[in-house]
Each structure stands twice: as C-alpha cells, then as structure tokens.
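Subject: Structure handover

Hello,

Here is the structure for you to look over. Please open it alongside this message.

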Amino acid sequence: MNAFTKALDKSPWVWSLLGVVALWGVLGISAGHLSLAALVAVASPAAFLVFVSIGQSFAMVTGPGNVDLSIPSVITLSAFTTINLIGGADAMALPGLAAGILIGALVGAANAFLIIRLRIPAIIATLATGYIVTSFSLLENREQVTNTVAPMLRFIAGGRIFGLPVIVLAAMLVALVAGLVFHGIGFGRLLLATGQNQKAAALAGIPTGRVVTVAFLISGGLAGLAGVLLAANAGGAFLDIGTAYLLQSIGAVVIGGSPIFGGRVTVIGTVFGALFLTLLGVTMQVIGLRPGTQEIVQGLVIITVLAASGIRLKVHRRRTTH
C-alpha cells in the first residue's frame, strides 16, 4: 500500500487521467459507442482552458494564496481590444496576438507590483486589478466597431491540420514549453523553490520577487493570448467571454495534481484537468442537467479535490515530522 501511495504521489496526474477516461466512457454509453472523434471534438474547447490554466499554474506554484483572479478580466479586455485592432485583416493578426499577450503581461506586471512592492495578498491584489480591467472592457465594449475575425485567427481557433484541431496542437505546444520551463531549465527550479518556502529561498539567494513577477507576467500573457483566440473562435468579443475561466483555471490545476499551496506542479496533469472539466460539462449537458446545476456540480468537484489536497498535505507533514 505504501508503494502504491508513493507512486501516486510521484504521478498525481493519474487521477485526472482516470477521470477523463471515466467521463469518456459515460459519453460512450450515452451515445451507444466509444468514439475517438468525440474526444477530439471535446479537446478543442478544452484547449482554450489549457492556455489559461497553464498560466494560472505559474502563479499558483509560487506559493500559498498566489492565485491570479484577474484572468477573466484580462481575457475579456484582450478580446475586445484586439478584435478592434485587427479589424478582420490577416495583416494585423500577428500584431493583434502580440497586443493580446502584451495586455495580459501589463496586468501581470501590475499584479506583481501590488504583491511584491506593496505586499498585498495575491488574491486581493489580482481581484482588485480585475475590477479595474473590467472597467476598461466596458469602455471597449461601447467603442466596439467590428466583430469581424481575421481568417488566419479563425483557422488557428477552429481549423484542422490532418484532422487535428489547430488550437489543440497550439495548446500542446504551450504545454510542452511550460513543461520544459518547470523541469528543464534553472528558472523552473527557482519557481519551485520559491513556492516551497519563499523565505528560505530568499535566504538562499534566490531573487524571489523577480521570480514571482515573471510568473504573473506569464499568467497574464497566456490569459491575453487566450482572449484573442477565444474572440476568434466565438466570432467576436462579448463581456462574459472570460467569466467561466476563473474557477475552471484553478480547478484544472488542482484536479491535475498540483497542490494549491504551491511548490509543485504537473503540466500534464493540468492538461488532463482541463480536459476533465470540459468533458464534465459536456457530460452534464448530455445527461440534461440545468446550467445552474452544472455549476454546482463543478464547484463540488473542485471543492472535493481541494479538500483531498489539504488532507494529503497534512498526512505528508505528519510523516515528515515523525
């Protein structure tokens, strides 16, 4: 039993993978047969959540309470700003993508300033920043002149290459890069060390302020990128475009096996967590649950995982102290 527990501790993403397989099975039973095409179809909306959740994981890994609550507002502002900037022209598609990332990075920089310099808790700082950013989105909504989507962005958001959704391939690329950052270069080790014990990391000479700043820059940048692509996928920007990604981005990280307390992260688990939550939503729709009930179920699932994570942390601490 100890060997099994240790194996799960080393690969916490297994639970999210099993959840994906179970929900896929439920969908298969509902449809009368298992379909790989159905799983691929669900992977497309999940890909947008992967972008946002990987960004969230960079913030969360830096320590307890370091959750980026400004993500939905960043997505919305990026969607409105870039849809107007691009104006449906392919020539402006890449500058528009860059602008979306820049918007998110600037919000991330503001978050980092409040957290590092003014020592405001991340939850409060990012929530306050989110309210300010939402105000800008309301102004952008009033001045919106077009909802035309550039063909290039429409292809990235909804096109296919050899039968595979382009957005899924893009999400896998971002996940691969994130995995290399966390586990393949020195900065990843600085992130993990900062999250495990920020005071000890600072005493060891790690520039924890810069590490946290970069983490929130990445979180904001990926949220901004997601905003551009979500607007392209939806055929335009709207005020609620980022709302669903607040709870789901946190949920995907935690369900994937990364602790809410920071210091550890599993990118593949975050990917499976995003796919699990998307599959859960589709399954509830197929079953016929009402929208309000669906949100309750998703909330209960995430709360259960958070509670289990807290219990696991207490057990781990008892083992290490005895």
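Below is what was found, from the overall fold down to single residues.

**Overall**

Please keep in mind that this is a predicted model. The protein has 14 helices and two strands. Its C-alpha atoms fill a box of roughly 65 × 55 × 35 Å along the principal axes. The radius of gyration is 20 Å, and a compact globule of 322 residues would come out near 20 Å, so the two agree. Of the 322 residues, 49% count as buried. Take the contacts between residues at least 6 apart in sequence: 77% of these join residues at least 24 apart.

**Second largest pocket**

This pocket holds about 820 Å³ of space. It is lined by 24 residues, and those closest to its centre are Ala244, Tyr245, Gln248, Gln285 and Gln298. Which elements give two or more residues to the lining? They are α3 (36-60), α11 (208-234), α12 (245-255), α13 (267-287) and α14 (291-321). The largest share comes from α13, with five residues. By class, the lining has 14 nonpolar, eight polar and two charged residues.

**The cavity**

How many cavities of 30 Å³ or more does a search of the whole structure find? It finds one. About 50 Å³ of space lies inside this largest cavity. Its lining is made up of Thr82, Ile83, Ile86, Gly88, Thr148, Val149, Ala150, Leu153, Val228, Ala231 and Ala232. Both α4 (71-86) and α11 supply at least two of the lining residues. Eight of the lining residues are nonpolar and three are polar, with no charged residue among them. Note that α11 turns up here and also in the lining of the second largest pocket.

**Helix α3**

α3 is one of the helices that line the second largest pocket. Where is its kink centred? The kink is centred on Pro45, and the angle is about 40°. Ser44 sits in α3. Is Ser44 buried or exposed? Its relative accessible area is 17%; the cut-off for buried is under 20%, so Ser44 counts as buried. Beyond its neighbours within four places in sequence, Ser44 is in contact with Pro165, Ile167 and Val168.

Ser78 belongs to α4. Its relative accessible area is 0%, so Ser78 is buried. Not counting residues up to four places away in sequence, Ser78 touches Gly100, Ile103, Gly224, Gly227 and Val228. Val228 also lines the largest cavity.

Leu217 is in α11. At 30% relative accessibility, Leu217 counts as partly exposed. Which residues does Leu217 touch, not counting those up to four places away in sequence? They are Ala105, Gly108 and Ala109.

**The loop between α12 and α13**

Gly256 is in this loop. With a relative accessible area of 0%, Gly256 is buried. Leaving aside neighbours within four places in sequence, its contacts are Pro12, Trp13, Ser16, Gly251, Thr266, Gly269, Thr270 and Gly273. The C-alpha atoms of Gly256 and Ala274 are 7.9 Å apart, and the two residues are 18 apart along the chain.

**Two positive phi angles**

Please check the backbone at two loop residues. Arg119 is not a glycine, yet its phi is positive, at about 55°. Arg119 lies in the loop between α5 (93-117) and α6 (122-142). Its relative accessible area is 72%, which puts Arg119 in the exposed class.

Phe162 also has a positive phi, near 55°, and is a residue other than glycine. Phe162 is found in the loop between β1 (160-161) and β2 (164-165). Is Phe162 buried or exposed? At 86% relative accessibility, Phe162 counts as exposed.

Best wishes

Key:
Residues are numbered from 1 along each chain as its sequence is written. This is a predicted model: local features need pLDDT of at least 70, side-chain atom pairs count only at pLDDT 80 or more; totals for chains, interfaces and linings use all residues. Side-chain values use heavy atoms; hydrogens and water are left out. On a 1 Å grid over the protein atoms alone, a cavity is a set of points where a 1.4 Å probe fits but cannot get out, and a pocket is an open set with protein on both sides within 12 Å along at least five of seven lines; lining residues have an atom within 4 Å of a point. Grid points are joined across faces, edges and corners, and a volume is the space filled by probe spheres set on the points. Helices (H or I, at least four residues) and strands (E, at least two) are DSSP runs, numbered from the N terminus. Ala, Val, Leu, Ile, Met, Phe, Trp, Tyr, Cys and Pro count as nonpolar, Asp, Glu, Lys and Arg as charged, and the others, Gly among them, as polar. The bend at a residue is the angle between axes fitted to the seven residues ending there and the seven starting there. The radius of gyration is taken over C-alpha atoms; the globule rule is 2.2 Å times the number of residues to the power 0.38. Buried means under 20% relative accessible area, exposed over 50%, partly exposed in between (1.4 Å probe, protein chains only). Contact means heavy atoms within 4.5 Å.
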